Structure formats: structure tokens, C-alpha cells
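Colleague: Could you walk me through one part of this model in some detail? I'd like to see how it sits against its surroundings.

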Amino acid sequence: MRRLILPALLLSAALALPGCGQEQAPESSFVLLDGSKLSSSQLKGKVTLVNFWATSCTTCVAEMPEVVATYQQYKDKGYDTLAVAMSYDPPSYVVNFTQTRQLPFKVAIDNTGAVAKAWGDVKLTPTTYLVNKRGEIVKRYVGTPDFNELHRLIEKLLAEA
């Protein structure tokens with residue numbers, strides 16, 4: 001039994017290392033506010049922040065200026081943002097919020113809840129995923145991310161080939 005403990009510890013440590021054992025972003029179809037569709041496979045090639053949010057979520061509304069600032073800071077370097085409104089969020093509220101706040105990135109409405117389900121059965125907002133250029137989920141945040149840490153991670157991922 002003791003002989004199995006060390007190899008098990010080494011294996012679990014190796015899987016915890018950054019870049020090891022990262023899961024592929026789930027295949028899903030996002031319906032954008034303009035009616036067009038975007039698939040998760042189309043996220044490949046860019047570092048992408050996928051943010052599940054709702055207009056009724058005070059934390060989501062409070063963090064949105066930082067999400068916008070992050071997008072503005074990195075958009076010309078291969079970074080993108082996709083804000084996914086939850087199924088219970090009335091589409092008219094999402095459209096109004098997007099227009100009045102002049103959100104500069106893609107906004108999708110998950111009207112059936114299928115996207116939230118595919119991305120780990122998201123129920124709490126904000127829930128944010130950072131996806132690398134290969135389409136792998138690198139980090140998941142529930143609640144407001146530490147934006148300084150997020151920026152360091154974005155810069156690291158943008159520097160990868």
C-alpha cells in the first residue's frame with residue numbers, strides 16, 4: 001500500500017501543474033444579440049474570456065467596467081470576450097444593458113440554458129472562464145476575478161505560441 005502512495009502523489013501533482021490536464025472548452029453554440037451564431041470551436045486562436053452574467057446580478061453589473069477595460073487593454077493582442085446572459089435574463093434587459101453600457105464585445109443570450117449546462121451547469125453569476133488559444137479552459141472564476149491576477153494570466157497566455 002505504501003508503495004502506491006508516492007506514485008499517486010506524483011501523478012496528482014503533475015496533473016495540477018499549469019498546462020497539464022486542461023479540459024477542452026465544451027462544444028456549444030452561442031446566439032449573439034444580432035441573431036448570428038458563434039461556436040466554441042471558433043474561439044480557438046485567441047485567448048477568450050467567457051463570462052456568464054445577468055442584468056439582475058449586482059456583482060456582474062459592478063464588475064462589467066473591469067471586464068470592458070480588460071477587453072480594451074488586450075483586444076488588439078489576440079484577446080476576446082464573450083458575455084453570455086443567463087436564460088432567466090429577459091432579452092430586452094440584456095439588449096438595453098448592452099446598448100446603454102456600450103459593451104464593445106460579443107454578447108450572447110442563452111435562452112434555453114443549454115450553454116450554461118454545457119459549461120459545467122453554471123448557476124451562479126458571475127462565472128467566468130478563461131480559454132487559451134487551443135480552446136482549453138485554463139481558469140474558472142466564480143464571483144469577481146482578481147483582475148490583476150487575470151491580467152497576468154492573459155499576458156502569459158497571449159505570449160504562448
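Modeller: Buried here means under 20% relative accessible area, exposed means over 50%, and partly exposed is in between, using a 1.4 Å probe and protein chains only. Bear in mind that this is a predicted model, where local features need pLDDT of at least 70 and side-chain atom pairs count only at pLDDT 80 or more, while totals for chains, interfaces and linings use all residues. Residues are numbered from 1 along each chain as its sequence is written, and side-chain values use heavy atoms, with hydrogens and water left out.

Now for the part around H151. This residue lies in helix α5. Helices (H or I, at least four residues) and strands (E, at least two) are DSSP runs, numbered from the N terminus. Leaving out residues up to four places away in sequence, H151 touches T70, Q73 and Y74; contact means heavy atoms within 4.5 Å.

Let's take the whole helix. α5 covers residues 147–159, and its 13 residues should span 18 Å at 1.5 Å a residue; the end C-alpha atoms are 18 Å apart, so that agrees. (The expected span is 1.5 Å times one less than the number of residues.) Its buried residues are F147, L150, H151, L153, I154, L157 and L158. Looking down the axis of α5, these buried residues fall within an arc of 165°, so they line one face of the helix; the arc is that of the directions from the helix axis to the C-beta atoms. The background is simple: an α-helix has 3.6 residues a turn, so residues three or four places apart point the same way. On the other side of α5, N148, R152 and A159 are exposed.

The N-terminal end of α5 has a cap: a side-chain oxygen of D146 lies 3.0 Å from the backbone nitrogen of N148. That is a polar contact, a pair of N or O atoms within 3.5 Å; within protein, one must be able to donate a hydrogen and the other to accept it, and residues adjacent in sequence count only if both atoms are side-chain atoms.

So what covers the buried residues of α5? The cover includes β3 (47–53), α2 (58–74), β4 (79–85), β6 (127–131) and β7 (137–142). As for the sheet, five strands form an open one in the order β5-β4-β3-β6-β7, with mixed pairing. Two strands pair if DSSP finds at least two bridges between them. β5 (106–109) and β7 are the edge strands, each pairing on one side only. On average, neighbouring strands of this sheet are turned by 20° against each other, direction ignored. α2 packs on the sheet, touching β3, β4 and β6, and its direction makes about 155° with that of β4. α5 packs on the sheet too, touching β3, β4, β6 and β7, and its direction makes about 165° with that of β7. For those angles, axes are lines fitted to C-alpha atoms, for helices over the stretch in contact, and angles run from 0 to 180 degrees between N-to-C directions.

β3 deserves a look. Seven of its seven residues are buried. Seven bridges join β3 to the parallel β4; N51 stands opposite A83 in β4, and F52 stands opposite V84.

On to β6, where you'll find T127, buried at 1% relative accessibility. Its side chain reaches the backbone oxygen of L124 at 2.5 Å. Beyond its neighbours within four places in sequence, T127 is in contact with V50, N51, F52, V122, R140, Y141 and V142.

Last, β7 holds I137, which is buried with a relative accessible area of 11%. I137 and T48 are 89 residues apart in sequence and 9.4 Å apart in space, C-alpha to C-alpha.
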